[in-house]
Amino acid sequence: MSPRREVPPGLTRGQLDGWIRRRTAYINRFHVAHWYPSCCVQARVDLTAADALRKRLNAEDDQPGSRVTINHMINKAAANALRNHILFNGKYTRRDSAMIYQRVHAANVVDTGGMATRIVIRDADRLSLRELAAETHRLVSARRLTLGEKLDRYSELQEKVRLVEAMFWFLPYSSRLERELSHERALDFLVENPSTVVITNPGTLGVQDCKAMLFFGNLLTCLRAMAIEEEAVLEDGQLRFRRVLPVGLDYDQRLCDAGPAVRLLNEIRRNLEVPEPYLVGPAVEDPRAPLAWPAGRGGEEG
Amino acid sequence: MDLVERVRARAELLRGARGRAAPTASLQILVRAGAWSDPSAGERLARLCLAAAEALGADPLFAARRTARLRVQAPAEPVLWVGPDGGRTWLRLGRAELGAGCQALAARLSAGDPRAEATAPAGLEILDLSTLGALEWRGALLGGAQGRLCLLAARPAPSGAQEAFGLALDFDAAWCEAGRAARFLAAVATALGAERVGCGPRS
């Protein structure tokens, strides 16, 4: 059995070269020819009800492997809301084409200290909140253990690719372009890539506000959660403090307008603010939602 | 610098960047006002410069420049490109200037040279918008720059009586993920000795 290694912490100047090799897939993906006009909308979610639900669930079952956190609730709220806004659930297949998926596989950004990676919760909208929490705990632990090995393998591959490119520099431009536009294979090394939406939480690092693309890879939509804040509200003449979670949604402006994006964000907010009916169990489908998957139409299996 | 010279200098900058901006993302944190932010705007910025230089020692990526598609070059020592008062003037700070101490640095910053604007940015850019009252910022990185730190105006903190300053960081999303950028911001706040506002949503 090969020894398992953790990813090294923050990189120093001497390690910059290795970093560049590891980042190559992302650098290509974000090359000026590939990135696209992104928009962001933001909202603030009152966490009073979500906090109460989390405490109740954790009091009922306090096993570390199934503890529910606000992170899990954000993921569940986003997956449930996507069920009624399926247009945001997809990925780019080429520079100017995208595929929309029927199943919601939510990718979660995991900060390992040296390199961010993602875990993927398959069919996140069909799981219950408790199941999603348990699955997340399991995948994060496994991912932290195996990532270092994967990064080393990816670095070695990059070296070989460079060598081949140096040897075959005379390849026709079109075939080189084609290769540059197909990053899925390269991205697979760093991220498990059946995901259809990415949810990231820089708020755990104290980030109060965040704009623009963070960890898109080849996905259409990114939901991000910021650091929880306390705010004072006046209710019935009484001053009280409540915890609020700023959330933002990055999306491709070419794909849809601000209206659908804001409606998706509002549904995520509703799921978190009224969690009992909308968050605990599988997604509640709204057949009247204009951007829901058409009833009776089959979808892809992937 | 008259208008014609200024436009010419900007054209040079655009040509250098081929008119392309990096895919820039921005993070923002809030840090409580305190000893670091008193008594004057000049000293506040000087302390921020020293803190940023210290943070760059641990992570030089944000002072690096992209020199080719798959290559970045980080300076051997922390280099800052500072624009006090909304970038009215610009000043390059190397080891010698940063080693002179806070008071001397503040004096130097207040006597920046408006003509220096024409020079292409090298190192980490620090822009002081706190004196102009700006509360939010998102910039675009040009010319292969990898980072820009922006000090924003003070505002009432979400909780607690003390006001807080915004600290924003623009970074190139292709080269750096948000976690690394957030850790750099945290390192700057720690070097400043400033308390950060907010807690993680995992609680």
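Counting every chain of this predicted model, the tally comes to 22 salt bridges, a salt bridge being a side-chain nitrogen of Lys or Arg within 4 Å of a carboxyl oxygen of Asp or Glu. Residues are numbered from 1 along each chain as its sequence is written, and chains are lettered from A in the order in which they are written. Local features need pLDDT of at least 70, side-chain atom pairs count only at pLDDT 80 or more, and totals for chains use all residues, while side-chain values leave out hydrogens and water.

One of these pairs joins A:Arg103 to A:Asp123, with the closest N and O atoms 2.8 Å apart. A:Arg103 sits in the loop between strands S3 (97–100) and S4 (106–111) of chain A, and A:Asp123 in the loop between strand S5 (116–121) and H4, so the bridge ties together parts 20 residues apart in sequence. Helices (H or I, at least four residues) and strands (E, at least two) are DSSP runs, numbered from the N terminus. Both A:Arg103 and A:Asp123 are buried, where buried means under 20% relative accessible area, exposed over 50%, and partly exposed in between (1.4 Å probe, protein chains only).

A:Asp250 pairs up with A:Arg224, the closest N and O atoms being 2.9 Å apart.

Over in chain B, B:Glu77 bridges to B:Arg95, the closest N and O atoms lying 3.7 Å apart. Here B:Glu77 is in the loop between strands S3 (71–73) and S4 (80–83) and B:Arg95 is in helix H4 (residues 95–98), so the pair connects parts 18 residues apart in sequence. B:Glu77 is partly exposed at 27% relative accessibility, whereas B:Arg95 is exposed at 58%.

Back to chain A as a whole: eight helices and 10 strands make up its list of elements, and 51% of its 302 residues count as buried. Helix H2 (residues 48–60) has 13 residues and reaches 19 Å from first to last C-alpha, close to the 18 Å expected at 1.5 Å a residue (1.5 Å times one less than the number of residues). Its buried residues are A:Ala50, A:Asp51, A:Leu53, A:Arg54, A:Leu57 and A:Asn58. They cover an arc of only 165° around the axis, which puts them on the same side of H2(A); the arc is that of the directions from the helix axis to the C-beta atoms. The face turned away from that side carries the exposed A:Lys55, A:Ala59 and A:Glu60.
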